[in-house]
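Open the model in your viewer and keep the selection panel at hand. The tour goes stop by stop, with a selection at each.

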Amino acid sequence: MSLTYAQKMALGAKRATYRRRLQEVLDAQGLSGAALARQLGISGVAVYRTLSGQLHSPKVLDWLRAHGAQEKYLCDPRTLDQQKDNLPWPPLKPHTALKS
């Protein structure tokens, strides 16, 4: 599913509301955002921006998923088909051709 910019922003905004839950996953592993960044080979800014919903880093989201973060907190655009009940916008209706 290809998302619009606005839909990606809406997913990010929803993830931002779960930021503390995602931070708890890091805390349980004894990691800071900077330590996770070093472990993943990315910048600390990328981790911060992903946790705060400004970026959708697959490395960060996959790490969180692998370490126990609930899917509903990740708001991952790549797994949108699996989280239909957690969308921050109403479901789209199938396009139908206009009668002329």
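Start at Gly41. This residue follows helix H3, and its phi is positive, near 75°. Helices here are DSSP runs of H or I with at least four residues, strands are E runs of at least two, and both are numbered from the N terminus.

A word on the model before moving on. It is predicted: local features need pLDDT of at least 70, side-chain atom pairs count only at pLDDT 80 or more, and totals for chains, interfaces and linings use all residues. Residues are numbered from 1 along each chain as its sequence is written, and side-chain values use heavy atoms, with hydrogens and water left out.

**Helix H3**

Select residues 33–40, which form H3. Which residues of H3 are buried? They are Ala35, Leu36, Ala37 and Leu40. Buried means under 20% relative accessible area, exposed means over 50%, and partly exposed lies in between (1.4 Å probe, protein chains only). The buried residues of H3 pack against H2, H4 and H5.

**H3 against H5**

The axes of H3 and H5 come within 11 Å and cross at roughly 105°. That makes H3 roughly perpendicular to H5, a label given to angles of 65 to 115 degrees; under 35 counts as roughly parallel, over 145 as roughly antiparallel, and the rest as oblique. Axes are lines fitted to C-alpha atoms, for helices over the stretch in contact, with angles from 0 to 180 degrees between N-to-C directions. Now show side chains. Leu36, Gln39 and Leu40 in H3 meet Lys59, Val60 and Trp63 in H5. Contact means heavy atoms within 4.5 Å.

**Ser52**

Is Ser52 buried or exposed? Ser52 is buried, at a relative accessible area of 13%. Its contacts include Gly12, Ala16 and Arg19, leaving aside residues up to four places away in sequence. A polar atom of the Ser52 side chain lies 3.4 Å from the backbone oxygen of Arg49.

**Salt bridges**

Select the charged side chains next. A salt bridge is a side-chain nitrogen of Lys or Arg within 4 Å of a carboxyl oxygen of Asp or Glu. By this rule the count comes to 7.

- Arg21 and Glu24: this salt bridge spans 3.7 Å, N to O. The two residues are 3 apart in H2 (residues 19–28), so about one helical turn separates them. Glu24 is partly exposed at 35% relative accessibility, and Arg21 is partly exposed at 44%.
- Arg20 and Asp27: the closest N and O atoms of this salt bridge are 3.1 Å apart. Asp27 is partly exposed, at 38% relative accessibility.
- Arg65 and Glu71: their side chains meet in a salt bridge of 2.8 Å, N to O. Arg65 is partly exposed at 25% relative accessibility, and Glu71 is partly exposed at 25%.

**The whole chain**

Zoom out and colour by secondary structure. How many helices and strands are there? The chain has 6 helices and 0 strands. From the N terminus on, the elements run α-α-α-α-α-α. Colour by burial next: buried residues make up 38% of the 100 residues. Among contacts between residues at least 6 apart in sequence, 58% join residues at least 24 apart.

How values were computed
Polar contact = N/O pair within 3.5 Å; in protein donor to acceptor, adjacent residues only side chain to side chain.
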